[in-house]
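Please keep the sequence and the structure in view while reading.

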Amino acid sequence: MDIGAVKSALRHFWRQAVRTARLAIGVADYDTYVLHLRRNHPEQPIPSYEEFFALCQQRRYANGGNRGCC
Amino acid sequence: MNSLAGKLIWVAIAVVGAICLGVIALERGESINAIWLVVAALCVFSIGYRFYSKFIAEKVLRLDPTRATPALLRNDGLDYVPTDKWIVYGHHFAAIAGAGPLVGPVLAAQMGYLPGTMWILVGVIFAGAVQDFMILGLSLRRDGRSLGHMLRAELGDIAGVVCMFGILTLMMIVLAVLALVVVKALAISPWGTFTVACTIPIALLMGVYLRFLRPGRVLEVSILGLVLLIVSIWLGGKVAADPAMAALFTFKPAQLAWLLIGYGFVASVLPVWLLLAPRDYLSTFLKIGTVALLAVAILFAAPMMQMPAVTKFIDGTGPVFQGNLFPFLFITIACGAVSGWHSMISSGTTPKLLRNEGEARMVGYGGMLTEAFVAIMAMIAASILQPGVYFAMNSPAALVGADVQSAAAAISQWGFIVTPDVLTQTAKDIGESTILGRAGGAPTLAVGMAQLIHGVMPGEGMMAFWYHYAILFEALFILTTVDAGTRVARFMIQELAGLAVPALKRTESWAGNLVGSGVCVALWGYVLYQGAVDPLGGINTLWPLFGIANQMLAAIALTLCLVVVIKKKLDRYAWVPGLPAAWLVICTLTAAYIKLTDPKIGFPAGAAKYADALAQGKLLAPAKSPEEMQRIITNNQVDAALTALFMLLVVATVIFGVRAIFKARAVPQPSVNEEPYVALASVST
């Protein structure tokens, strides 16, 4: 086993764990969002992570949030 | 060769599962190890997942891995995002797991661990996981739309309105019952009350930190919050030990109910970033962590089951909840076996995240199996307690008296030998003044968890710490549900009220906010308060209402699945959603009917009994004044009205479903409202 491979596997695992934890509290993946904006809406400004976080937080609970209702 | 090895493995799993179930079912007179239950459950879940969910995926839902999902078609980087299936699975489980699977099995343990365990295993495979999975599958074909939208599209507009109404009443009952669980856990418990009260300033601090000091740094703030929580548990012990301080945090159930009602109102009115969001984060992480901790503790402690497999209370005379095994066991354990609540998650965020239809099986069916495993663990935690201790905690004072002598005598007479000393010592071990009258599941589970964790990590005085840790963890996520639920219900109420007074509809207006929050809190607060002052303990009366409401929603969701299967002309698979739907309709209607007509446990009968006595100027125990008599009468009338309402909703759903089925059968071709097929390969990612 080479140390580099173990390290990169651990880093991947950690990133997945962080993404899962963030998604569980309604914070989508920032990098994915930025990539999406760059690709599809190049005219729009890119929010900072802090702005993005506030946006997700507000959306999770807006209009009753994502808990779904009729 | 590979397939032969595969077959052998599945045969082995089936044999091991059968042996474990045999041991559980046939061992009599001797207690068995909890590990038998764990292994049996794991084998049953594996087989159910491998075969039944595959069957549903291929034959009934006809999931198509080549078909593009809403996440790909409508990718907006925020709500609709193609996401790794393990991440979606974690998200989905965190969203469906709540207090339900922990509380229901604890209450059901009064009939012994066998009936509840069997219902969890059979229920989840054929009803609960089927519902979660099929609703997810349907939503995936409909742009990730919600349950209400799908009902309107497939069953008609009126069915959609009925569903919205059903969900709103279900929510009021859920909020009231869960808040009552907290009230029961914190009553006359300065240690518990202090620690739970501390979560409010901790959440405010976290909110400010996340908003202004270090915006968006969730990991940091969660670690900070966890450390502060542990400090508050430790401080709680000091508070409880100091008579002057302890008096400040000692409340009766009615006082706690008022505090929770006030808290719910404030939390619903305040901006989310200040209180609701940080609590939500902390409770989500703590919930997952504690469930994992419980699993590890059960595996390492390998405890013996003390509760008999079946107790004499299957005849319906049990003190924890009244009523026969059928139908009351099947509504007492709702979440864990089947929960209508999940159909809202399965048609909420989850379908907007999957990048492939095939992955719905692992997330929908697999996620629910994990939830059922949590229910099995809760059943184990309740069953490893000495049965006498279990009944002392869960029986109302009206039945066993208010002191350890009378409780021990009454419970020993039921055949569960226990001494007053044991009851006093158990209370002392967990740092409380008494364990009597702590119905509601949370405290029982907490004692079980404390004994389990203490068995693995012993330490002087640590039992009390773990007990209060468990109470804190349950109270924290129940209160988060209360916050979030009040908010969701407030929006629904504002929407309904907005039909009459348009100004109320604006959710950002202060007047609408205050009125909506006030109405919402008053609705669940009324039910909570009546439960808190109920001389019979409240849970006893209210939990069946909660179970009926939750199973009612599941019946609605499964009826939707059935209608869609018929519309797709897959009649020969109609039994897959049809059987569990029919079973839930039978259970909820029977339970509701009994609650309305039974001369002993029916609500109208209870009201009549007290009304007669009051008219003759007599007082019936446990009421001590004419006002209390009147209160019992009103409570029974309200509960009867709610039960009748749920019956009506179930019957209405059946009628809408049958009508939709006949309509669908009259047309020769499939008549389902799916989005058109788009090939996965044609969508750029």
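This is a predicted model: local features need pLDDT of at least 70, side-chain atom pairs count only at pLDDT 80 or more; totals for chains, interfaces and linings use all residues.

Is helix 16 of chain B enclosed by the rest of the structure or exposed? Of its 24 residues, 23 are buried, so helix 16 of chain B is largely enclosed by the rest of the structure.

## The nonpolar core

The largest nonpolar core contains 248 residues, and within it B:Ala176 and B:Leu528 touch the most other members. The element that gives the most to this core is helix 22 of chain B (residues 462-498), with 22 residues.

Which residues does B:Ala176 contact, once neighbours within four places in sequence are left aside? They are B:Trp524, B:Val527, B:Leu528, B:Gly531 and B:Leu542.

Helix 7 of chain B runs over residues 147-155. Its buried residues are B:Leu147, B:Met150, B:Leu151, B:Arg152, B:Glu154 and B:Leu155. The cover over these buried residues includes helix 6 (113-140), helix 8 (157-186), helix 15 (342-346), helix 24 (539-567) and helix 27 (626-666) of chain B.

Just after helix 7 of chain B comes B:Gly156, which takes a positive phi of about 110°.

## Where the two chains meet

The contact between the chains involves 29 residues from chain A and 39 residues from chain B. On the chain A side, helix 1 (3-24), helix 2 (30-40) and helix 3 (49-61) each supply at least two residues. The largest share, seven residues, comes from helix 1 of chain A.

What kinds of residue make up the side of chain A that touches chain B? This side divides into 14 nonpolar, 10 polar and five charged residues.

## Confidence in chain A

The mean pLDDT of chain A is 85, and 87% of the residues in chain A reach 70 or more. Among the elements of chain A, helix 2 has the highest mean pLDDT, 93, while helix 3 has the lowest, 89.

Over residues 65-70 of chain A, pLDDT stays under 50. For these residues, the model has 31 contacts beyond four places in sequence.

Key
Residues are numbered from 1 along each chain as its sequence is written. Chains are lettered from A and ligands numbered from 1 in the order in which they are written. Two residues are in contact if their C-beta atoms, placed from the backbone, lie within 7 Å. Helices (H or I, at least four residues) and strands (E, at least two) are DSSP runs, numbered from the N terminus. Ala, Val, Leu, Ile, Met, Phe, Trp, Tyr, Cys and Pro count as nonpolar, Asp, Glu, Lys and Arg as charged, and the others, Gly among them, as polar. A residue is buried if 20 or more other C-beta atoms lie within 10 Å of its own, exposed if 12 or fewer, and partly exposed in between; C-beta atoms are placed from the backbone. pLDDT is the predictor's confidence in each residue, from 0 to 100. A nonpolar core is a set of buried Ala, Val, Leu, Ile, Met, Phe, Trp, Tyr and Cys residues joined through C-beta atoms within 7 Å.
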